[in-house]
There are 2 protein chains.
Amino acid sequence: MSEWDAAAPGAGASALSGGVLIVGAGLVGASLGLALRRAGVDVRLRDANAAVVDEAVRVGAGRPAVADEPPASLAVAAVPPEAVGEVVAELLDHGAAEYVTDVASVKSLPAADVRERAKEPGRYVGSHPMAGREVSGPGAALPDLFEGRPWVLCPDDGTHQQAVTRALAMARLVGATPMTMTAADHDAAVALVSHSPHLVAALVAARFVDVPAHEVRLAGPGVTDVTRIASGDPELWTEILTANAAAVADVLRGLRTDLDRVLDALDSPPTGRTALREVLRSGVDGRARLPGKRGGAHTEFATVVVVVDDRPGQLARLFADASGAGFNVEDVRIDHSPGQPVGLVELDVRVGVEHELSAFLRERGWTIHG
Amino acid sequence: MSEWDAAAPGAGASALSGGVLIVGAGLVGASLGLALRRAGVDVRLRDANAAVVDEAVRVGAGRPAVADEPPASLAVAAVPPEAVGEVVAELLDHGAAEYVTDVASVKSLPAADVRERAKEPGRYVGSHPMAGREVSGPGAALPDLFEGRPWVLCPDDGTHQQAVTRALAMARLVGATPMTMTAADHDAAVALVSHSPHLVAALVAARFVDVPAHEVRLAGPGVTDVTRIASGDPELWTEILTANAAAVADVLRGLRTDLDRVLDALDSPPTGRTALREVLRSGVDGRARLPGKRGGAHTEFATVVVVVDDRPGQLARLFADASGAGFNVEDVRIDHSPGQPVGLVELDVRVGVEHELSAFLRERGWTIHG
């Protein structure tokens with residue numbers, strides 16, 4: 001049985017036997033605390049605002065962190081993107097945890113900040129659970145917020161093996177599906193599927209501010225869905241968008257080109273019909289590519305099994321090799337009984353890519369199984 | 001008890017005792033048939049495609065219309081906007097129904113078409129139930145599609161009283177909340193809360209067509225909601241958008257101005273923060289103005305009660321007076337026992353407008369109650 005098998009209750013908890021320290025007990029931090037507590041992990045909570053810790057403790061997300069405790073197995077900086085670098089460096093340099101991750105929705109900027117500020121940046125691995133709500137605070141926390149959601153890890157070639165294995169164990173424990181990509185690929189992807197849609201939802205909702213009441217009264221479930229995420233916290237989203245500005249602007253410039261085509265088409269009915277139809281069809285096609293509620297848009301993955309020996313840094317080197325060469329690992333399982341000299345790492349990749357990845361890893365000296 | 005009181009089962013059915021003929025048995029037509037059948041109304045179905053009628057009959061939406069039946073009390077043209085004029089004129093001129101309405105999501109263009117084509121356009125009143133789904137066809141029909149939804153009637157000063165009363169009775173029977181506005185006001189409102197959001201959802205979804213699978217795999221519930229309506233039928237939506245092109249373009253030009261501000265802001269982080277925050281805050285404010293699932297955004301209405309005598313055309317003249325002067329009637333109740341010489345019409349309007357409307361109607365010769 002895999003030590004990290006999410007199906008077995010409590011599995012993976014041993015990687016976190018020294019407890020998890022969560023810094024920032026808002027929606028995501030408190031939800032993570034709830035999920036880890038349910039899996040039997042000791043959770044310490046810290047927040048710049050003592051009242052937030054109190055509320056998170058009240059909902060069952062953990063206990064207040066106390067001074068001079070031994071280092072936690074893993075600390076999680078659940079703070080806005082621009083604060084990650086400072087918080088992570090402080091956690092590492094003051095020995096509050098052996099390894100540190102974060103949950104910010106951008107990854108390049110925090111990683112650069114950590115490299116600049118921390119003495120041992122290799123003990124940090126950036127990560128991002130693709131989960132959230134349009135409400136905030138520990139009172140809105142849900143223990144199953146991460147259930148079935150992707151949790152992206154972005155190790156680089158300096159990342160320590162234990163940082164990756166512990167973050168992986170945590171992601172599995174709370175029911176998420178871990179995957180790895182480079183920080184740049186992650187940031188481009190979230191600009192596309194999260195940050196730009198958020199801004200566009202806000203742009204649509206902003207049209208309703210200065211109109212007569214009878215006009216908005218006709219609003220139905222469609223526009224209610226389109227604009228739901230526009231209720232998100234403007235402060236938090238300003239920081240997220242600023243931290244991923246270039247990638248978001250790329251997506252929105254493409255959207256603007258399409259919008260101009262639509263405006264031209266609307267200015268010349270009925271000859272504009274063709275252009276409108278094309279945009280609407282692209283919308284149908286694009287929508288069909290989104291995963292369904294439970295992975296509806298079925299994607300087949302191929303698995304590459306890599307033999308990893310027990311020397312320090314092997315796992316981090318493997319991820320760095322795969323990610324650095326542009327391979328996106330869609331799911332990761334580690335079959336590695338503690339104390340065994342070797343383990344098997346299963347990397348799921350898009351069908352068609354597995355041979356290329358196997359060949360590439362063999363060339364880099366890895367032993368590929370089967 | 002009001003003849004049109006929706007709370008009493010079967011009430012209002014007497015206004016439709018000659019049955020309802022539905023032309024176009026797709027999603028909206030078949031849903032209307034289901035809802036009317038449930039209220040005990042005889043429903044005849046007609047569609048250019050015989051297989052569609054068969055399926056609608058199978059789901060219980062009514063019976064196939066047969067040749068040489070006496071005229072129905074009301075016919076409903078449940079066809080795309082550009083077909084309404086021809087279908088309505090044919091229904092009126094061939095005596096298939098005494099009065100006719102439609103359910104198209106634009107109102108100015110069909111009304112102009114009907115005026116041009118029909119011999120007695122006053123027997124037609126345009127209407128629009130604010131209800132739909134992103135799937136189509138009679139197989140997706142729901143009897144409670146209209147439950148609690150606004151149903152807009154757009155009478156003009158030529159509209160016959162019975163056209164309005166029968167369309168009103170039908171809207172109440174299927175659980176909708178009838179309201180009246182001018183066709184131009186209606187078209188501006190739906191451009192804002194329905195047509196533009198549809199196009200923008202398509203623009204967001206269109207970005208997903210040509211990107212790697214691992215990027216769309218990160219999509220979560222947020223973008224799934226933003227783009228849900230982008231799955232709607234491109235042919236139908238091309239016609240809707242073409243028929244309401246000018247009003248939709250007005251809304252989208254405003255949105256593009258905001259989008260350009262956002263792009264400027266993203267190109268100059270961190271100084272762009274202020275502009276981003278403003279757009280995001282406007283999004284929060286605009287979203288808060290949308291009605292909740294069950295009328296959550298609470299709006300108070302004031303009621304103006306008008307005494308209407310039993311002469312032909314009185315009700316139509318009342319609506320034409322109110323709508324023509326720019327008053328939007330948010331709900332209508334008619335307390336009018338058949339055979340009584342006078343009845344009371346309750347017009348709900350926005351609080352603050354009631355005195356102005358009362359004064360205006362008095363000036364036009366109406367008797368205002370209380």
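Chain B can be laid on chain A by a turn of 180° and a shift of 0.0 Å along the axis, with an RMSD of 0.0 Å (copies are superposed by least squares on the C-alpha atoms of residues with pLDDT of at least 70 in both). The two copies are thus related as by a two-fold rotation axis. In chain B, the C-alpha of B:Val226 is the one nearest that axis, 1.9 Å from it. The same surface serves both copies, as 100% of the contact residues of chain B recur in chain A; two residues are in contact if their C-beta atoms, placed from the backbone, lie within 7 Å.

This is a predicted model, in which local features need pLDDT of at least 70 and side-chain atom pairs count only at pLDDT 80 or more, while totals for chains, interfaces and linings use all residues. Residues are numbered from 1 along each chain as its sequence is written, and chains are lettered from A in the order in which they are written.

How confident is the predictor? It gives the complex an ipTM of 0.76 and a pTM of 0.76. For chain A the mean pLDDT (the predictor's confidence in each residue, from 0 to 100) is 88, and 91% of the residues reach 70 or more.

Now to B:Ala77. Leaving aside neighbours within four places in sequence, B:Ala77 is in contact with residues including B:Val23, B:Val88, B:Leu91 and B:Asp102.
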